[in-house]
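Please look at the sequence and the 3D structure below.

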Amino acid sequence: MASSLNSIILPGYLTSFQETANGSHSSSLISTDLTQRSHLLSDHHKGLTLTSNSWNAKTPVLAHTSVCVSKSMRWWEKTLKPNMIEINSAQELVNTLSNSGDRLVILQFYSPGCGGCKALHPKICQLAESSPKAIFLQVNYEELKPMCQSLHIHVLPFFRFYRGHEGKICSFSCTVATIKKFKDALLKNKSDGCNLGPAKGLEESELLTLASNGQISSYNNSPSKSNEDDLLVKKMNLLLA
């Protein structure tokens, strides 16, 4: 009888059965063990909070997975070069362009959710490394959407090239498949320019729009901004040294 009972008991319960001196099984031991295991199973299900529809989103595994995915999606922060600067406001963009001297400035508009932007990012980083005298400014469309709309940016990724007193010299959109367009523009404007006056930066109409929307304090170089501008120039010189 003992062997036949053991043959149908669940594996997890085999060690709970002990034979008495006359060969019978201890029912008290069985009852106690089953009660303990019932509590364990109950606690286990409470911890998982498993329902017919979904898992509890508060479980540590899901939380850690969410954090890891969030960090892994920040592709735009990877492989950045010293001459690549993230723009955080419209005022910072205006100040940076107006204090760039005769350097070539490449303004890139991107979005974290843009597949074409993500695919192009490593190529742009390589080109930035091979053009250390140029300044690459990155603008996150999602973070600065009002500014981008004021500048009439409607397609991503999008690029604008600026140089000194000339201001904007070209603008276009390109992808990995049409990267030659970017390379040609970079090669054409890569050589040092002539300092024939202060950097122009954005168009006056664009500056007026940004100012009217309260995104910049002023579109003119005022004395109150001189110290801030001097610090910005020093920072850019250090990046390009």
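Val105 has Tyr162 in β4 as its bridge partner. On another side, Val105 stands opposite Ile135 in β3. From β2 the chain passes through α5 to β3, and this β-α-β crossover is right-handed. Right-handed means that, with the strands pointing away from the viewer, the path from the first strand over the helix to the second runs clockwise.

This is a predicted model: local features need pLDDT of at least 70, side-chain atom pairs count only at pLDDT 80 or more, and totals for chains, interfaces and linings use all residues. Residues are numbered from 1 along each chain as its sequence is written, and side-chain values use heavy atoms, with hydrogens and water left out.

**The sheet**

Some terms come first. Helices (H or I, at least four residues) and strands (E, at least two) are DSSP runs, numbered from the N terminus. Two strands pair if DSSP finds at least two bridges between them. Strands of a sheet pair through backbone hydrogen bonds, either parallel or antiparallel.

Five strands form an open sheet here, in the order β1-β3-β2-β4-β5. The pairing is mixed. At the edges are β1 (84–87) and β5 (167–173), and each pairs on one side only. Neighbouring strands are turned by 20° against each other on average, direction ignored. Axes are lines fitted to C-alpha atoms, for helices over the stretch in contact, and angles run from 0 to 180 degrees between N-to-C directions.

| Strands | Sense | Bridges |
|---|---|---|
| β2 and β4 (residues 158–163) | antiparallel | six bridges |
| β2 and β3 (residues 135–140) | parallel | six bridges |
| β4 and β5 | antiparallel | six bridges |

Helix α4 (residues 90–98) lies across β1, β2, β3 and β4, and runs at about 145° to β1.

**Strand β2**

Is β2 enclosed or open? Seven of its seven residues are buried, so β2 is largely enclosed by the rest of the structure. Buried means under 20% relative accessible area, exposed means over 50%, and partly exposed lies in between (1.4 Å probe, protein chains only).

In a regular strand the side chains alternate between the two faces of the sheet. In β2, Leu104, Ile106, Gln108 and Tyr110 point one way. Val105, Leu107 and Phe109 point the other way.

Take Gln108, which lies in strand β2. Gln108 is buried, because its relative accessible area is 4%. What does Gln108 touch? Its contacts (heavy atoms within 4.5 Å) are Ile124, Leu137, Gln138, Val139, Phe158 and Phe159, not counting residues up to four places away in sequence.

Ser111 sits in the loop between β2 (104–110) and α5. Ser111 counts as buried because its relative accessibility is 8%. With residues up to four places away in sequence left out, Ser111 touches Trp75, Cys117, Tyr141, Glu142 and Leu156.

Next comes Lys123, in helix α5 (residues 115–130). Lys123 is partly exposed, since its relative accessible area is 39%. The C-alpha atoms of Lys123 and Val176 are separated by 7.9 Å, although these residues are 53 residues apart along the chain.

**Backbone exceptions**

Most residues other than glycine have a negative phi, and most peptide bonds are trans.

- Thr79 is not a glycine, yet has a positive phi of about 55°. Thr79 lies in the loop between α3 (60–72) and β1.
- His152 has a phi near 60°, a positive value in a residue other than glycine. His152 is in the loop between α6 and β4. His152 is exposed, because its relative accessible area is 58%.
- The peptide bond from Leu156 to Pro157 is cis, with omega near -5°. Pro157 is in the loop between α6 (145–150) and β4.

**Cysteines**

A disulfide is a covalent bond between the sulfur atoms of two cysteines. Here the cut-off is a pair of cysteine sulfur atoms within 2.5 Å. How many disulfides does a search of the whole structure find? The search finds zero. Cys174 is in no disulfide, and the nearest cysteine sulfur, that of Cys117, is 9.8 Å away. Cys174 counts as buried, because its relative accessibility is 1%. Cys148 is buried too, with a relative accessible area of 0%.
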